Amino acid sequence: MSSSLQSLQGNKACALAAVAAGCRFFAGYPITPSSEIAEKLSRELPRVDGVFIQMEDEIASIAAVIGASLGGAKAMTATSGPGFSLMQENLGFAAMTEVPCVIVNVMRGGPSTGMPTKPAQGDLMQARWGTHGDHPIIVVAPASVQEVYTETIRAFNLAEEFRVPVIVTYDQIIAHLVESVELPRRGEIKIVDRKWADGTEHDFKPYAETDDLIPLMARPGDGHRLHVTGLTHLPDGFPTQKPDLASKALTRLLDKIERHRARIDKVELIETADAEVVIVAVGIAARAARRAVETLRSEGIKAGLVRPVTLWPFPEEALRTAAANARLVLVPEMNLGQLVLEVERVLGRGVRVAGLNRVDGEPIPPAAMVSKIRELVAQ
Amino acid sequence: MNEIARITDFDVKDYLRLHLMPHFMCPGCGHGIALRSLLWAVHDLGIDRNRLAIVSGIGCSGRVGAYIDANTYHTTHGRPLAFATGLKLARPDLTVVVIAGDGDCLAIGGNHLIHACRRNLDLTCLMLNNEIYGMTGGQVSPTTAATRVTSTTPSGNAEPTFDACKLADAAGASFVGREVTRQAPALKNLIKSAIEHDGFSFVEVMTDCTEIYGRKNDLGESPEMILSQKCDMVPDGLGNAPDQPFRPNPMATGILARHARPEYGRTYRDRAADLRAEKGR
């Protein structure tokens, strides 16, 4: 039996991918436009001996997810804008305690309750910097239902491999879009499981620095009897306030992501080899940008697209290379200018960077990108 | 070693992470008695510490769990019940005990408490009630008695207090109990019953904050504060009149409510098994 082709809604593809990736625990609180993920998993998880629970709020949801992951389960939650904001404190806890988990944030209009049934891309920076303190994070931003499927699986794998919360973020359009998805057979899906500590030794150091900077996890019940705390802690798991040790502990958290960028980075480059105009976009905006690139090319403008699939850490090298010969970089995004800040940071003052923004609950059409670029090129 | 410890084979040192001593608790703090009573109950019940998980929140109570040589989780303020819910659902084989403070349980985590009571997952929640926010410097808590002076009620607390046991009972907790730290053996026995209970158990432990609450309100030293907890004790029935000055008065102790209700985790797993059986047919 080969892979099967199915018509799937984005959110349902996300739920099915989670189960395929080995997710066996979901805790969530209903919020539009993410609710179908919870609804689907409430049916799927009991069938695979997993647990679905609808918690009293989003804070409880991510707390339960972290608790379940500490118990050994692959765990996830799904939410949208306001709910994602509520999860931020515990997202920091998961980063600090290095607990693998997946958080899906289906972006909707904001701030506050905004436009619940309309798409937006206003949470790109919240995904990176939402919680307090400096913290590692991985964010993936799929742009099609197929990619929602593959990136949700990859999110679980990255979470397990690097012991970090991984955020999957896409907008309401992709959430509710129905597209053909090729579902691979079970044996064809690459599944990564966290590295468990061998043995049961009681003096096991749960945050001991390993060569790859990723400590081994220990399962409760195996005899290690660990302490887990969100306080800055030593390799033995107990708190410290010693300046040099605290600095070392926090720096390792960021280094464990930076050092392994080659395994985390994923970026789609379209026609960037000779690009004089580069569009940088994610999610639904990138799909429009793809069409814009085709149109511009047909008009003789050498345009290309950089689409970060791994949004954070940001694909700095790929962007620098793609924009090496560019005289203009356009960042179309459905917010008032977030991704553009990162593009400006990476490219410095060497290249002209412009934004194209829309926050009325409608997607940015390819024609708007084309005319903006024509206008800027003519100047 | 005191007399009570001598007549049992319980040695608290067997259960503590001695490398963390001396502990951080203030002289006279009742949290140590609560900790010791919990460990004594664990000892009496013969619980395998490898399968014992202690989940705590933030504050003085939050730091107590770290001293226990078991699987200990020091989580975020107000959220230990929510963490514990995920842990217990993923790992029904673990005995999960939540240690939370009055702020953890009744203020920031009030929502989680009422839903944990309603859900009836097999967790034991010990609420260490010292009537104050100790770690942040003695601010008013939802259980600070009326008229008391705290660092945020300079002219005396004007808000009525929660009767946590009544709240837990009304929200559906299938086991509700309260004990005072003066009665360590009774507290131990209450915690034992709570852990043995199949479902959500809520135990309010009346403890004392001598250093920054008692002193500010001229309540005496630890012995006076602990003794005063037993004033007007009523052996059964829920406490009432929580807006009276000082203690909930009269304050009931012991097992205050026990109901047979379906345990949530088993109910969920049974239904999931039915679903799988239906699918397999």
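In this predicted model, the side chain of B:D208 makes a polar contact with the side chain of B:T210 at 2.7 Å. A polar contact also joins the side chain of B:D208 to that of B:S222, at 3.5 Å. B:D208 sits in the loop between strand 6 (201-206) and helix 9 (210-214) of chain B. Is this residue buried or exposed, given its relative accessible area? The relative accessible area of B:D208 is 1%, under the 20% cut-off, so B:D208 is buried. Leaving aside residues up to four places away in sequence, B:D208 touches B:G28, B:C29, B:G30, B:N130, B:T181, B:S222, B:M225, B:I226 and B:Q229.

UniProt, in an unreviewed entry, places the feature "domain: Thiamine pyrophosphate enzyme TPP-binding" at residues 59-205 of chain B. The end C-alpha atoms of residues 59-205 of chain B lie 15 Å apart, and the span is 35% helix and 19% strand.

Nonpolar side chains tend to be buried together in soluble globular proteins. The largest nonpolar core here has 160 residues, and A:F25, A:V329 and B:F202 have the most contacts inside it. Helix 6 (residues 145-162) of chain A supplies the largest share of this core, 9 residues. At least three residues of the core come from each of domain 1 (4-183) and domain 2 (268-378) of chain A. Not counting residues up to four places away in sequence, the residues that A:F25 touches include A:L45, A:V51, A:I53 and A:M76, and also B:G86 and B:L89 of chain B. Another core, of 31 residues, lies apart from the largest one; among its residues are B:Y15, B:L16, B:I54 and B:V205.

Over all chains, the structure has 7 aromatic pairs. Two of them are listed here.

| Pair | Distance between ring centres | Angle between planes | Class |
|---|---|---|---|
| A:F26 and A:F52 | 5.5 Å | 5 degrees | stacked |
| B:F10 and B:Y15 | 5.9 Å | 45 degrees | tilted |

A:F26 lies in strand 2 (residues 25-28) of chain A and A:F52 in strand 3 (residues 51-54) of chain A, so the pair ties together parts that are 26 residues apart in sequence. A:F26 is buried at 0% relative accessibility, and A:F52 is buried at 12%.

In chain B, B:F10 is buried with a relative accessible area of 2%, and B:Y15 counts as buried at 10% relative accessibility. Together with B:W40, B:F10 and B:Y15 form one aromatic cluster.

Note on methods:
Residues are numbered from 1 along each chain as its sequence is written. Chains are lettered from A and ligands numbered from 1 in the order in which they are written. This is a predicted model: local features need pLDDT of at least 70, side-chain atom pairs count only at pLDDT 80 or more; totals for chains, interfaces and linings use all residues. Side-chain values use heavy atoms; hydrogens and water are left out. A nonpolar core is a set of buried Ala, Val, Leu, Ile, Met, Phe, Trp, Tyr and Cys residues joined through side-chain atoms within 4.5 Å. Buried means under 20% relative accessible area, exposed over 50%, partly exposed in between (1.4 Å probe, protein chains only). Helices (H or I, at least four residues) and strands (E, at least two) are DSSP runs, numbered from the N terminus. Domain bounds come from an automatic or database domain assignment. Contact means heavy atoms within 4.5 Å. A polar contact is a pair of N or O atoms within 3.5 Å; within protein, one must be able to donate a hydrogen and the other to accept it, and residues adjacent in sequence count only if both atoms are side-chain atoms. UniProt positions are given in the numbering used here, feature names are shortened, and annotations may be inferred rather than shown by experiment. Rings of Phe, Tyr and Trp (its six-membered ring) pair if their centres lie within 6.5 Å; planes under 30 degrees apart count as stacked, over 60 as edge-to-face and the rest as tilted.
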